Amino acid sequence: MSRPFAIAAIAACALIWGTTWYAITLQLGPVDAVVSIVWRFGLAAVVLFAFCALTRRPLRLTREQHMAAIGQGAFVFAVSYGFVYAAEEQAASAVVAVIFAALAFVNLILFRVLAGQKAAPAAWLGAVFGVMGVGVLSYGQMAASGAGLNPGLGVALALTAVMASALGNWFAWRAQQAGAPVLPATAWAMAYGTAMLALYGLATGATWRIEPTPAYLLSLLHLSLFGSVIAFGLYFTLARQRGYALASYISALTPPIAMLVSVVFEGARFGWSALIGLALVLAGQVMLIRAPKP
């Protein structure tokens, strides 16, 4: 993957996932969160399977590749998203965004421990800049809106979600090492994650329904097609070619986009701290792009 394409993929993922913060708010309400997540990734898995079939990508995986896809689906699409929704019920979304900015840093540590990958100093410094930048970006929001109902519990849930995402990335890397094609492996991972969430919903007595309103249906399509099929396809392709630390740094770029969306659609206002935080985030991104792949 060339550097211009990598930059374009990062920008696309950041723009898409930056808008999903607002789209998710349109999913909250009478439909259980786990049910909305099942609809989102279930539809995304069907579309991704269909795309692979139409483009003649092989959908059959070996046993080792399926095991890696199961781990990826469990941690990326089931556990992580489940805990993210639970965290946002207890803590302000800005708090969760700050914690998720640490994903690139956690990935560097996890891949160093489990895979023996040694990242360049510039990568570590870039990840630290990302954490600092999102912290500055979100400081004003946290001060204005409060930390939430139970910020301690929210932080713990968000940290669990970050660790789950990092473990899911490691399983995606295992699928890569096993020779699984990126899009078929992602489709299977989404399908496995959806099945796990569906079983959880059945076990906990969730009500299976769809809210027949334009806001809910359009946000569901956006989250499924753009936020899942396109964004995760680009993300895991980028991760394979340029490293998971660089790809996961997108989690530090999405909050600034989400803030811009909030300004446009919700009338939010941000001060100088937002500009300083954005500068730190972009500086960290430049460092990670230029850092050699582990």
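In the predicted model, helix α2 meets helix α3 through Ala33, Ile37, Arg40 and Phe41 on the α2 side. Their partners in α3 are Phe77, Tyr81, Gly82 and Tyr85. Contact here means heavy atoms within 4.5 Å. The residues of this contact divide into six nonpolar, one polar and one charged. Ala, Val, Leu, Ile, Met, Phe, Trp, Tyr, Cys and Pro count as nonpolar; Asp, Glu, Lys and Arg count as charged; the others, Gly among them, count as polar. Helix α2 spans residues 33-54, and α3 spans residues 63-90. Their axes come within 10 Å and cross at roughly 140°. Axes are lines fitted to C-alpha atoms, for helices over the stretch in contact, and angles between N-to-C directions run from 0 to 180 degrees. The two helices are therefore oblique to each other. Angles under 35 degrees count as roughly parallel, over 145 as roughly antiparallel, 65 to 115 as roughly perpendicular, and the rest as oblique. The crossing of α2 and α3 is right-handed. A crossing is right-handed if the near helix is turned clockwise from the far one by less than a right angle, and left-handed if anticlockwise.

Residues are numbered from 1 along each chain as its sequence is written, and side-chain values use heavy atoms, with hydrogens and water left out. Because the model is predicted, local features need pLDDT of at least 70 and side-chain atom pairs count only at pLDDT 80 or more, while totals for chains, interfaces and linings use all residues.

Helix α2 also packs against α8. The axes of α2 and α8 come within 8 Å and cross at roughly 155°. The pair is therefore roughly antiparallel. Its crossing is left-handed. From α2, the contact draws on Val34, Ile37, Val38, Phe41, Gly42, Ala44, Ala45, Leu48, Phe49, Phe51 and Cys52. From α8, the residues include Leu183, Pro184, Trp188, Met190, Leu197 and Tyr200. The residues of the α2 contact with α8 divide into 19 nonpolar, four polar and no charged.

A further contact joins α2 to α9, which covers residues 214-242. These axes come within 9 Å and cross at roughly 50°. Helices α2 and α9 are therefore oblique to each other, and their crossing is right-handed. Ser36, Trp39, Arg40, Phe41, Leu43, Ala44, Val47 and Leu48 represent α2.

The structure holds 14 aromatic pairs. Rings of Phe, Tyr and Trp (its six-membered ring) pair if their centres lie within 6.5 Å; planes under 30 degrees apart count as stacked, over 60 as edge-to-face, and the rest as tilted. One of the pairs is Phe49 with Trp188, which is edge-to-face at 5.1 Å centre to centre and 85° between the planes. The pair links distant parts of the chain, with Phe49 in α2 and Trp188 in α8 (residues 182-203), 139 residues apart. Trp188 is partly exposed, at 24% relative accessibility. Buried means under 20% relative accessible area, exposed over 50%, and partly exposed in between (1.4 Å probe, protein chains only). Trp17, Phe41, Phe77, Tyr81, Phe232, Tyr235 and Phe236 form one aromatic cluster.

The loop between α2 and α3 contains Arg56. Arg56 has a positive phi of about 60° although it is not a glycine. This residue is exposed, at 79% relative accessibility.

Across the protein chain, the secondary structure comes to twelve helices and zero strands. Helices (H or I, at least four residues) and strands (E, at least two) are DSSP runs, numbered from the N terminus. The chain has 294 residues, of which 49% count as buried. Among contacts with a separation of 6 or more, 90% come from residues 24 or more positions apart.

Two C-alpha distances illustrate such separations. Leu167 lies in helix α7, residues 151-177. Its C-alpha atom is separated by 9.7 Å from that of Ser80, 87 residues apart along the chain. Leu167 is partly exposed, with a relative accessible area of 26%. Pro256 sits in helix α11, residues 250-266. Pro256 and Ala14 are 242 residues apart along the chain, and their C-alpha atoms are separated by 9.0 Å. Pro256 is buried, with a relative accessible area of 10%.
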